[in-house]
Amino acid sequence: MPALSELEYIKDQSRQLRGSIADGLADPVTGAIGEADTKLLKFHGSYQQDDRDLREERRRQKLEPLYSFMLRARLPGGVVTPAQWLVFDRLARDYASSGLRITTRQTFQWHGILKRDLKPTIAAINDAMASTIAACGDVLRNVVSTPLPVQSHAHAEAYAWAAKLSEELAPKTTAYHELWLDGEKLVGEPEPEPLYGRTYLPRKFKIGLAIPPLNDIDVFAQDLGLIAIAEDGRLAGFNLAIGGGMGATHGDPGTYPRLAEVIGFVEPGQLRDAAEQIIAIQRDWGDRGERKCARLKYTLDRRGTDAFKAELERRLGFDLQAARPYRFEHNGDRYGWLQGSDGRWHLTLHVESGRLLDRAERRLLSGMRELAAAHTGDFRLTCNQNVIVANVQAADRERIDAIVAAHGLDGYRRQSAIRRHAIACVALPTCGLAMAESERYLPTILDKLEARLARHGLLDAPILLRLSGCPNGCSRPYLGEIALVGRAPGRYDLRLGADFAGQRLNSLYRENVDEKAILDALDPLFAGYAAERSPGEGFGDFLLRSGVLAPPGPARRIPAEVIG
């Protein structure tokens, strides 16, 4: 039997995620907790980090790194009530260092929380009827769902399924209540985990639910993508797509991004069991020796998709039906006001890199706080780091617009198309994996890209731009029409050629280049696109049609339309 990774032993001996976290939290001598416990802390929704900008200076002063913690909520479908928003806002101001940050998985992160403040912050999130359990770690992460409820009935059903899967497939350990909520201390052996067992999953597992024709969650980037199929005005069921994932490692050809494959269809009453058994097979078949190769995508490529499907059908006791027809037409968010089928209105606001902070005339955190105090509907976070003021009565639109304009939240009205569709991960200074800047670099590179796009008359052309400080793919860079993937400070891989529906991976165009080389490479491509594009043709599609990029193989694309 292959040797297990160190983390497998840590999980096995953790007493269902307890470890010695309680002792580490109580230690006043250091701002950190023990190394093994930092691995377990992820399952509780938190990462230990330090400010990398200050590492060298603190080392010279013979001080330990400036440790703090990132905390992430679990908010299935990205739905937040106004009351919850006000609590989350207060926690950002009381305990965090850089406001509220909307993630690419429809939830919030708080950065810079000191160790002594972790417990009161988590307790306050729990009091607001939310949680951080399973927001990180080797478990089912936050379940994402199409956020814009314009198809009111279909969206309500989709969100209900996201919430159901999130709740029923979450870890059952009482360690969370014991550590953070003053629950009763365990005496004796820990309770069993009915789905996850003693060692949980080999790696994280992600589920996303999309409603065609919108692929605004990048459904093919999920371990399990659920494509809602509506027939005769009702939810008939879901196509199952398995094996998506964005992570890779520079220089290691055994790691790669991958799109999920559609393997069949289930009716609504079969979905919960199907999702559970897919997770269970990955639990049993996944690689527990090499974590870089432990995601479901590698399990499928090692064991075969047909074998995985056969095992799934054996465990379920029924065969999957043939996939139903669907078509995706759009990726990214649709800004401004849209009316749902029930007559209510929804306002999508652009939040650059998902960061809600007050800066000069753009007082985004304050503006959202004022909206939360006045709004009677709810909010929807998107997988593109934006926020939707949802379920607004027609009579309230003018008041909402006034608050938005007063706080500089109406940037979507004036911004270029590439800016509205850009995504960036956090990267430096807090992410320990970052090799290059991402969020802090986004405004700079956007200004320079916009100057070149303006010269070619392309400011209104929607182009998907993704920035990532490393190849792990939190910003889904491999699905960007233009993507920068960090290599080292100031240096990136330039990747090009994904489509605007999230159904084609991009390709490496320039490796390990600086900003000048990136701009010099893109400028003639923008010129060619402006002169030769067909009506409605996306930038990535143009690069393939014009021969700039070679056509991708079948493993790197999903057909634009599945006829069934």
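Modeller: Two strands are taken to pair if DSSP finds at least two bridges between them, and strands (E, at least two residues) and helices (H or I, at least four) are DSSP runs, numbered from the N terminus. This is a predicted model, in which local features need pLDDT of at least 70 and side-chain atom pairs count only at pLDDT 80 or more, while totals for chains, interfaces and linings use all residues. Residues are numbered from 1 along each chain as its sequence is written, and side-chain values use heavy atoms, with hydrogens and water left out.

The open sheet has 5 strands in the order β6-β7-β8-β9-β10, and its pairing is mixed. At its edges stand β6 (144-145) and β10 (261-266), each with a single partner strand, so one side of each is left without a neighbour in the sheet. Further in, β8 (residues 224-231) and β9 (residues 234-242) pair in the antiparallel sense over 8 bridges, and Ile229 stands opposite Gly237 in β9.

Across β7 (207-210), β8, β9 and β10 lies α9, running at about 15° to β9; axes here are lines fitted to C-alpha atoms, for helices over the stretch in contact, and angles run from 0 to 180 degrees between N-to-C directions. The axes of α9 (residues 268-285) and α7 (residues 152-168) come within 11 Å and cross at roughly 35°. In contact (heavy atoms within 4.5 Å), Trp161, Lys164, Leu165 and Glu168 of α7 meet Pro268, Leu271, Arg272 and Ala275 of α9.
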